[in-house]
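Subject: Handover of a structure, with notes

Dear colleague,

I am passing on the structure below, together with my notes on it.

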Amino acid sequence: MSQSSLEFVLPDALATEALGAALARAYAEGVGDEAGAAGAGSAVIYLQGELGAGKTTCVRSLLRTLGVAGLIRSPTYTLVETYRAQGMTFIHVDLYRLGGPDAVEELGLRDYLGTDCLLLVEWPAKGGSALPPSDLDLTLTYQDDSRRALLTARTQRGLAWITKLVHDTSLAPYVSNLT
C-alpha cells in the first residue's frame, strides 16, 4: 500500500535544498508513468508555510535539479516566474500579495497546464477554486531552530511521487515518519 504523506525534519537550508532536489528527481523519473501519463507530464505542487519557512529555497533547488540555469527569482513581486529547461515549462507562482481567486483567475494559470508543465504555487489558499488542484502539498513549518516539512499526496500522481521519495536514500536523515 502506498504512503499518502511523509514528514521531514529539516535542520538547515541544505536539508530544504535536498528535499527540493529529491522532489525534482522523482518528477523527472516520471511520476506520471505511475499515474497513467507518459513522461513527467503536467503536475501541480502547492507550497504552504509562514514567511521565511523555506518554500522558495525548496523551489530553487527543485528547478536547478531539473536543469534550470541562470537566475531563479522569487515571484513575490512579479507573481509569476516562468522557466524552460529540457523541453519542459516550470511555472513558479507566489499568491501572497493577491486579494483572492478573482485576481488569480487573471493570471491564466490553467492555460499553462499543457504537456510537461510543472506548476509550483506558493500561498495557494489565496487562489481558492481559481487554481488547478494539487497533486502534492508541501507544508513547511518552524520547529525550534529547524523546519518541519509535510508532504501530502492529493492524487494518484502525488502518491507515485511520495512512493519514489520513500526510496530516495538522500532523504533518509530527514524522514521522521518512515517505517
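In what follows, two strands are said to pair if DSSP finds at least two bridges between them, and helices (H or I, at least four residues) and strands (E, at least two) are DSSP runs, numbered from the N terminus. The model is a predicted one, in which local features need pLDDT of at least 70 and side-chain atom pairs count only at pLDDT 80 or more, whereas totals for chains, interfaces and linings use all residues. Residues are numbered from 1 along each chain as its sequence is written, and side-chain values use heavy atoms, with hydrogens and water left out.

Overall architecture

The secondary structure of the chain amounts to six helices and seven strands, which follow one another from the N terminus as β-α-α-β-α-β-β-α-α-β-β-β-α. Seven strands make up an open sheet of mixed pairing, in the order 1-7-6-2-5-4-3. Strand 1 (5-10) and strand 3 are at the edges and have a single partner strand each, so one side of each is left without a neighbour in the sheet. On average, and with direction ignored, neighbouring strands of this sheet are turned by 15° against each other.

Of the 179 residues in the chain, 50% are buried, where buried means under 20% relative accessible area, exposed over 50%, and partly exposed in between (1.4 Å probe, protein chains only). Among contacts (heavy atoms within 4.5 Å) with a separation of 6 or more, 68% are between residues 24 or more positions apart.

Helices against the sheet

Axes here are lines fitted to C-alpha atoms, for helices over the stretch in contact, and angles run from 0 to 180 degrees between N-to-C directions. Helix 1 lies across strand 1, strand 2 (43-49), strand 4, strand 5, strand 6 and strand 7 (146-153), and runs at about 150° to strand 1. Helix 6 (residues 156-166) lies across strand 1, strand 2, strand 5, strand 6 and strand 7, and its angle to strand 7 is about 130°.

The packing of helix 1 and helix 3

Helix 1 and helix 3 pack with their axes 7 Å apart, at an angle of about 45°. The two helices are therefore oblique to each other, given that angles under 35 degrees count as roughly parallel, over 145 as roughly antiparallel, 65 to 115 as roughly perpendicular and the rest as oblique. On the helix 1 side the contact involves A13, T16, E17, L19, G20, A21, L23, A24 and R25, and on the helix 3 side T57, C58, S61, L62 and T65.

Which residues does T16 touch, not counting those up to four places away in sequence? They are L10, G54, T57 and C58, and T16, with a relative accessible area of 4%, is itself buried. Further along helix 1 (residues 13-28) is Y27, which counts as buried at 0% relative accessibility; its C-alpha atom is separated by 9.6 Å from that of R157, 130 residues apart along the chain.

In helix 3, the buried residues are K55, T56, C58, V59, S61, L62 and L63, and their cover includes helix 1, strand 2, strand 3, strand 4, strand 5 and strand 6.

Cysteines and backbone

How many disulfides does a search of the whole structure find? The number is zero, a disulfide being a pair of cysteine sulfur atoms within 2.5 Å. C58 is buried, with a relative accessible area of 1%, and for C117, also buried, the value is 1%.

Most residues other than glycine have a negative phi. L79, however, has a positive phi near 75°; L79 lies in the loop between helix 3 (55-65) and strand 3 (80-85) and counts as buried at 15% relative accessibility. W123, not a glycine either, has a positive phi of about 60° and is located in the loop between strand 5 (117-122) and strand 6 (136-143). Just after helix 3, G67 also takes a positive phi, of about 100°.
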